[in-house]
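Dear colleague,

I am passing on the structure below, and my notes on it follow. Please read them with the model open beside you.

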Amino acid sequence: MNETDFLSSLARRSGDPAISWLMKMTLDRPAMFSLAAGFTDSETLPVAEVGELMAELLRSGADARAALQYGSTAGDPELRKLTLDYVCAQDGLAPGAALTPDEVVITSGSQQLLYLVSEVLCDPGDIVLVEDPTYFVYLGICEALGIDATPVRMENDGIALDDLERTLQSLKDSGRIGRLKFAYLVTYFQNPTGRTTGFEKKREALAMLRSCEKAAGHPIFALEDAAYRDLRFDGPDTPSLKTLDTDGERVIYANTYTKPFATGIKVGYGVLPRLLARPVLRTKGNHDFGTANLNQRLVALALKNGVYARHLPVLRAGYRRRRDLMNAALQQHMPKFVSWQEVRGGLYYWAELPERADTSRGSPIFVNALDHGVLYVPGDLCFAETPARPKPRNCMRLSFGGTPSHQIEEGVRRLGGVLKNARL
Ligand SMILES: Cc1ncc(COP(=O)(O)O)c(C=O)c1O
């Protein structure tokens with residue numbers, strides 16, 4: 001018997017998530033300069049504020065008891081309402097017929113929402129369109145659920161519409177359009193590239209997806225992952241895809257309170273089309289029948305009494321400083337053959353090397369970097385497998401989020417030295 005024969009097909013399909021070994025490497029080697037982890041900035045975590053919120057939450061006996069009890073599957077009613085108000089205010093939308101707290105679900109991080117939506121909509125062999133490159137942890141979900149993650153080329157302002165059109169046409173031509181369930185788009189300061197999708201592009205992409213519904217024979221959704229929307233430190237905000245979802249029936253909007261407040265609380269949310277709210281809640285009921293209630297109450301209080309809003313500018317200033325530090329270090333220490341683009345939010349720079357370079361795990365560049373005490377995310381992890389092209393191996397994701405600011409320059413200097421020695 002093979003040692004995995006007894007496992008379910010889902011478990012056998014699941015590889016070791018790269019996020020787990022990257023985080024473990026970071027935690028196991030505290031002396032290492034990690035430019036890899038998606039950890040947020042420890043220096044700006046709202047420690048004192050959370051202490052005060054927690055004391056307030058637990059001060060009154062009845063509230064404290066409620067906070068320490070199980071809650072409901074959909075989430076704390078007050079937090080759902082505050083969340084809807086927050087999303088509507090950000091997008092200039094009016095809560096109303098299409099947008100009510102009933103469509104809001106509070107999840108254990110937005111990661112859980114990504115999983116739930118994928119599980120609810122997809123059988124093995126179904127298709128989800130993903131950006132090329134995309135959030136690599138999402139590719140792990142696709143692998144486990146047997147979803148065919150089909151990449152669509154990325155440009156500086158989001159997916160390339162000509163490639164989206166070509167991909168949709170080829171699904172129609174091959175008779176596979178019926179397997180297409182949704183497009184997964186990380187539209188704000190994307191992980192890993194830092195790119196933001198333009199509003200007109202969102203409009204056209206949504207229209208293209210909708211135009212395939214007749215051929216598919218079912219709704220085709222857009223899952224907008226806005227995890228980094230609040231981590232914007234330069235330039236104006238872009239309205240969400242939800243603002244284009246006139247009947248409220250096709251856009252799943254995912255966001256989180258982890259990145260812009262505290263990752264340790266792991267509270268995220270989704271604003272769902274009515275068609276999906278019930279199925280998602282049923283499945284969440286089977287997963288955990290509710291996100292940690294104490295953490296939800298904490299977030300609700302932070303939103304209600306202005307702590308969240310007051311913390312955002314502090315956080316943004318902290319990340320802007322780190323972005324500037326990394327940008328200066330890249331300019332000073334990277335060899336000429338490395339290119340990257342300025343980012344206006346989020347946590348990441350995406351560095352591109354010449355095509356012949358190999359930055360993958362186990363490559364001489366990766367191993368040398370580790371020997372010099374530096375860890376980065378190999379870019380190939382962020383590309384879906386497809387027969388249409390070999391996986392690019394010439395990119396790296398460099399995070400300025402979790403690295404102590406005094407280590408950013410030294411980490412980039414060491415990495416630059418490794419790359420210079422690679423003689424590309
Ligand atoms: C693009 C993207 N979406 C979702 C998540 C999940 O975040 P959380 O579960 O903390 O909300 C992450 C975390 O790194 C991310 O980068």
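**Backbone, ligand site and core**

Phe189 sits in the loop that runs between S6 and H9, and please keep in mind while reading this and everything below that the model is a predicted one. The phi angle of Phe189 is near 45 degrees, which is a positive value in a residue other than glycine. Phe189 has a relative accessible area of 6% and, because the cut-off for a buried residue is under 20%, is classed as buried. As background, most residues other than glycine have a negative phi, and most peptide bonds are trans.

The loop between strand S6 (180-186) and helix H9 (199-211) also holds Pro192, and the peptide bond that leads from Asn191 to Pro192 is cis, with omega near 25 degrees. Asn191 also takes part in the ligand site, where an N or O atom of the Asn191 side chain is 2.8 Å from an oxygen atom of the ligand. A cis peptide bond is likewise found from Asp132 to Pro133, here with omega near 15 degrees, and Pro133 belongs to the loop between strand S3 (127-132) and helix H7 (136-145).

Turning to the ligand, its surroundings comprise 13 residues, of which the closest are Asp225, Tyr228, Thr256, Lys259 and Lys266. By class, this shell is made up of 4 nonpolar, 6 polar and 3 charged residues, and helix H6 (residues 109-121) supplies the largest share of it, with 3 residues.

Although Lys266 is not a glycine, its phi is positive, at about 50 degrees. The relative accessible area of Lys266 is 43%, so that this residue is partly exposed, a class that lies between the cut-offs of 20% and 50%. The C-alpha atom of Lys266 is separated by 7.9 Å from that of Asn295, a residue 29 positions away along the chain. Asn295 itself is part of helix H12 (residues 293-304) and, because its relative accessibility of 18% is under the 20% cut-off, counts as buried.

Leu53 is located in helix H3 (residues 47-59), and at 2% relative accessibility Leu53 counts as buried.

Finally, there is the interior to consider. In soluble globular proteins, nonpolar side chains tend to be buried together. Here the largest nonpolar core has 108 residues, and those with the most contacts inside it are Tyr138, Phe182, Tyr184, Leu398 and Leu415. Helix H13 (residues 307-333) gives the most to this core, contributing 8 residues. The core draws at least three residues from each of domain 1 (9-46 + 310-421) and domain 2 (50-305).

With best regards

Note on methods
Residues numbered from 1 in each chain as written. Predicted model: local features only at pLDDT ≥ 70, side-chain atom pairs only at ≥ 80, totals over all residues. Heavy atoms only, no water. Near = heavy atom within 4 Å. Polar contact = N/O pair within 3.5 Å; in protein donor to acceptor, adjacent residues only side chain to side chain. Helix = DSSP H or I, 4+ residues; strand = E, 2+ residues; numbered from the N terminus. Nonpolar A, V, L, I, M, F, W, Y, C, P; charged D, E, K, R; others polar. Core = buried A, V, L, I, M, F, W, Y, C linked by side-chain atoms within 4.5 Å. Buried < 20%, exposed > 50% of the residue type's maximum accessible area, 1.4 Å probe, protein only. Domains from an automatic or database assignment.
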